[in-house]
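Subject: Structure for you to look at, with notes

Dear colleague,

Please find below the structure I said I would pass on to you.

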Amino acid sequence: MSDFLTSSHLLSVEDLTTDEMNGIFRTADSFLDLSSRTVKKVPSLRGKTLVNLFYEPSTRTRTSFEIAAKRLSADVINITTSQSSVVKGESLLDTVRTIEALGADGVVIRHPSSGVPEWISRRVGCHVINAGDGLREHPTQALLDLYTILKRKGRFEGLQVAIVGDILHSRVARSNIRALTRMGVRVRLVGPPTLIPQDTKGWNVEVVHDLKEGVRDCDVVMALRLQLERATASFIPSLKEYARLYGISPGILRIAKPDVLVLHPGPINRGIEIQDEESFHSHSGILDQVHFGVGIRMAVLYLLMAGQ
Amino acid sequence: MARTDRTDSFFLKDVRLMDPATGVDMNGHLRVEKGLVAEFGAIAVPSSGIPVWEGEGSVVTPGLVDVHAHFREPGFEYKETIESGSRAAVSGGFTAVCVMANTDPVNDHPEVTLGMVNRAREIGLCRVFPIGAVSLGLKGETLTEMGALTRAGCVGFSDDGFPVKTSRLFRRALEYAALFHRPVIDHCEDRDLSDGGVMNEGWVSTDLGLKGIPSASEEVIVARDLEILKSTRGRLHVAHLSTAGGVRLVRDAKKRHLNVTAETCPHYFSLTDEAVRCHHADAKMNPPLRTEEDRLAIIEGLRDGTIDMIATDHAPHAPFEKEREFDQAPFGIIGLETAFSLGLELVNSGSLDMSMLLYLMSVRPARVFGLPRGEIREGGLADLMVFEPRETTVAGVPGFRSKSRNSPFLRQKLAGRIRMTFVGGKKVFDDREEERNA
């Protein structure tokens with residue numbers, strides 16, 4: 001198989017060439033066919049051990065990785081380490097030793113500090129898959145978002161995407177910006193100045209503060225999750241004002257292209273980032289995202305780990 | 001380890017003698033007697049009686065003076081001690097070092113000051129001058145007894161690590177320290193604006209997803225301090241300037257004849273925030289590495305005299321403290337062993353001339369803080385360094401003399417080599433002896 005990844009880790013979407021991304025999408029296609037069958041398992045990763053190491057609470061991503069690994073017949077160990085054990089002095093070096101001691105073939109890691117998966121990858125002998133680090137990267141989320149766009153739109157070239165909300169604190173936004181622009185998609189960032197990074201010069205994006213202007217002629221509108229504590233930290237005055245200025249509503253979507261696709265990485269704060277979702281049901285790709293997530297993660301695990 | 005065995009008289013043969021303060025720049029020999037320069041130039045080589053060191057054409061200059069280092073003793077001896085810090089200092093050409101007050105206990109009582117001074121004397125390598133805390137426990141509430149601290153040996157006051165917390169306390173500190181003719185050294189940072197940031201706010205922090213510290217965080221407090229200084233008779237010394245805006249504020253203040261001096265550190269003129277990408281927490285310090293525009297403004301500030309001196313902000317941390325999440329690792333890098341080489345890089349690139357570099361690293365800091373320093377004149381103190389500008393060194397190889405190795409310059413090839421260091425005429429460092437003993 002020529003689609004195996006050249007890097008032994010998936011730390012950032014920047015580790016992937018466009019060919020490799022397309023290879024992941026092709027592989028996801030075949031795994032998703034599998035999930036419609038009665039027997040959903042393949043033996044590709046039989047005998048391999050994958051550790052899900054989560055330093056932040058997560059249901060979706062962790063479950064999605066777990067299902068993906070199990071469908072590939074890997075043994076899965078879930079370790080959820082609360083912040084308290086970090087406070088107690090468990091260091092990352094201890095974590096590295098734990099991974100080595102478990103004899104894991106791969107580790108899926110989520111961590112609140114940016115750069116940790118990369119740091120770990122330089123110190124362990126197994127594959128490292130980033131499941132979200134701080135504000136930096138969430139590569140499998142971006143891959144499944146791109147995959148959803150590809151399935152619904154059939155192409156990347158020439159598309160216009162608006163990413164709306166808290167760009168500053170969003171690893172999902174960062175991974176998507178990198179992956180989308182790489183694929184030739186035009187990206188517009190939409191949000192209040194307090195939630196857009198002060199310097200975005202290295203990204204090939206347009207920054208717009210007005211939502212109507214931001215979604216105009218868009219093929220895809222991607223809303224980001226707003227952490228509710230942003231209001232208390234004065235990034236926004238109130239959730240109500242945020243919802244009024246940046247909430248995606250049926251009225252706003254009329255400014256976008258008629259066949260606009262709406263995405264959200266979840267979990268959604270309904271009534272804040274997204275309003276009256278039922279009324280634009282046919283435009284929503286949110287359930288697809290969850291469904292495709294398993295296929296994308298199977299593809300990533302397979303293409304990283306089945307080769308050797 | 002007492003060093004009383006060493007002689008304080010010697011003859012240094014075949015050197016280039018340079019002293020920006022006395023204007024000396026010549027080839028010749030140097031004779032030191034009982035810790036003082038006896039004669040120099042085209043003098044006769046003695047036949048016997050005192051040790052003769054071969055200069056081999058290297059440069060002898062006044063020893064370097066660092067007004068900003070952390071020796072961590074008492075309290076954090078696992079990071080550094082007065083002994084290991086002194087060893088690092090003399091191997092970097094420094095003969096006098098001021099050490100900051102953020103020890104444990106904090107240097108806010110004369111007993112702590114005396115403890116440091118006595119320990120440094122026992123070790124007998126470089127001269128160590130404590131900086132006293134501005135406020136008790138660095139808490140920003142109550143002024144320390146600056147009179148008692150001065151008598152015990154403190155040469156300045158600083159809550160370094162923190163800015164002087166409130167404008168009111170800063171004003172009182174400036175006014176009160178003036179009573180003892182001591183400067184207040186401020187770590188200029190608006191902590192509220194920094195808001196838990198871990199590197200410079202800019203494109204690199206956006207890209208790396210790390211929380212940024214805006215340059216305004218420094219500039220706001222520099223501006224505050226300068227405006228308060230205007231209405232007092234105190235002396236302000238701005239620590240570790242890192243931003244173009246900070247340089248501009250100090251330049252304007254000097255035009256207004258305010259009683260202000262400023263320092264920067266080698267990393268601010270050598271690196272930018274891009275270094276965080278490959279050096280991780282070894283490129284994490286506070287203030288953070290800034291942009292290329294800031295770096296160039298710092299060099300310009302050194303050239304035009306806005307920035308008075310180069311200090312190291314030598315801040316050792318143990319490997320286990322730096323080997324962790326970037327946002328959780330402590331701020332600070334070591335600097336005593338690389339500072340002069342990084343300065344030489346400025347000379348080699350044509351940004352400074354050699355005498356200006358020596359002025360910034362020896363003459364000026366000693367004058368501003370009233371510290372003893374070497375002078376190449378008859379009767380001058382023999383606090384000297386001998387270096388070879390044509391050779392290079394590899395930073396931290398085979399090891400740093402500091403207990404810590406948190407340096408972004410680790411394993412980098414740097415200009416120049418310190419060959420010998422003398423304090424009060426005693427040889428406290430010789431790189432060849434060290435090689436032989438290794």
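The crossing of helices H13(B) and H14(B) is right-handed, a crossing being called left-handed if the near helix is turned anticlockwise from the far one by less than a right angle, and right-handed if clockwise. H13 covers residues 339-348 of chain B and H14 covers residues 354-369 of chain B, and their axes come within 9 Å and cross at roughly 145 degrees. Axes here are lines fitted to C-alpha atoms, for helices over the stretch in contact, with angles running from 0 to 180 degrees between N-to-C directions; helices (H or I, at least four residues) and strands (E, at least two) are DSSP runs, numbered from the N terminus. On the H13(B) side the contact (heavy atoms within 4.5 Å) is made by B:Ala339, B:Phe340, B:Gly343, B:Leu344 and B:Val347, and on the H14(B) side by B:Met354, B:Leu357, B:Leu358 and B:Met361. These residues divide into 8 nonpolar, 1 polar and no charged, where Ala, Val, Leu, Ile, Met, Phe, Trp, Tyr, Cys and Pro count as nonpolar, Asp, Glu, Lys and Arg as charged, and the others, Gly among them, as polar.

Before going further, please note that this is a predicted model, in which local features need pLDDT of at least 70 and side-chain atom pairs count only at pLDDT 80 or more, whereas totals for chains, interfaces and linings use all residues. Residues are numbered from 1 along each chain as its sequence is written, chains are lettered from A and ligands numbered from 1 in the order in which they are written, and side-chain values use heavy atoms, with hydrogens and water left out.

A helix pair in chain A can be set beside this one. Helix H6 (residues 139-153) and helix H11 (residues 286-305) of chain A have axes that come within 9 Å and cross at roughly 115 degrees, and the crossing of H6(A) and H11(A) is right-handed. Among the residues that make the contact are A:Leu143, A:Leu144 and A:Tyr147 of H6(A) and A:Phe292, A:Ile296 and A:Val300 of H11(A), and the residues of this contact divide into 6 nonpolar, 5 polar and 5 charged.

As for how the two chains meet, the contact takes 14 residues from chain B and 23 residues from chain A. The area buried between them (the accessible area, with a 1.4 Å probe, that two parts lose on being put together, summed over both) is about 1600 Å², of which carbon and sulfur atoms give 50%. In chain B, the residues that lose the most area to chain A are B:Trp203, B:Thr206 and B:Glu325, together 36% of what that side buries.

Helix H1 (residues 82-91) of chain B is largely enclosed by the rest of the structure, because 9 of its 10 residues are buried; buried means under 20% relative accessible area, exposed over 50%, and partly exposed in between (1.4 Å probe, protein chains only). The buried residues of H1(B) pack against strands E7 (94-99), E8 (127-130), E17 (413-423) and E18 (426-430) and helix H2 (110-123) of chain B. Just after H1(B), B:Gly93 takes a positive phi of about 90 degrees.

Two buried polar residues may also interest you. A:Asn130, found in strand E4 (residues 127-133) of chain A, is buried, with a relative accessible area of 1%, and a polar atom of its side chain lies 2.8 Å from the backbone oxygen of A:Leu11. B:Thr150 lies in helix H3 (residues 146-152) of chain B and counts as buried at 16% relative accessibility, while its side chain reaches the backbone oxygen of B:Met146 at 2.6 Å.

Finally, some backbone details. Most residues other than glycine have a negative phi, and most peptide bonds are trans. A:Ser73, which is not a glycine, has a positive phi of about 70 degrees and counts as buried at 14% relative accessibility, whereas B:His257, with a positive phi of about 60 degrees, counts as exposed at 72%. A cis peptide bond joins B:Asn286 and B:Pro287, with omega about 0 degrees, and another joins B:Val397 and B:Pro398, with omega about 5 degrees.

With best wishes

Key. A polar contact is a pair of N or O atoms within 3.5 Å; within protein, one must be able to donate a hydrogen and the other to accept it, and residues adjacent in sequence count only if both atoms are side-chain atoms.
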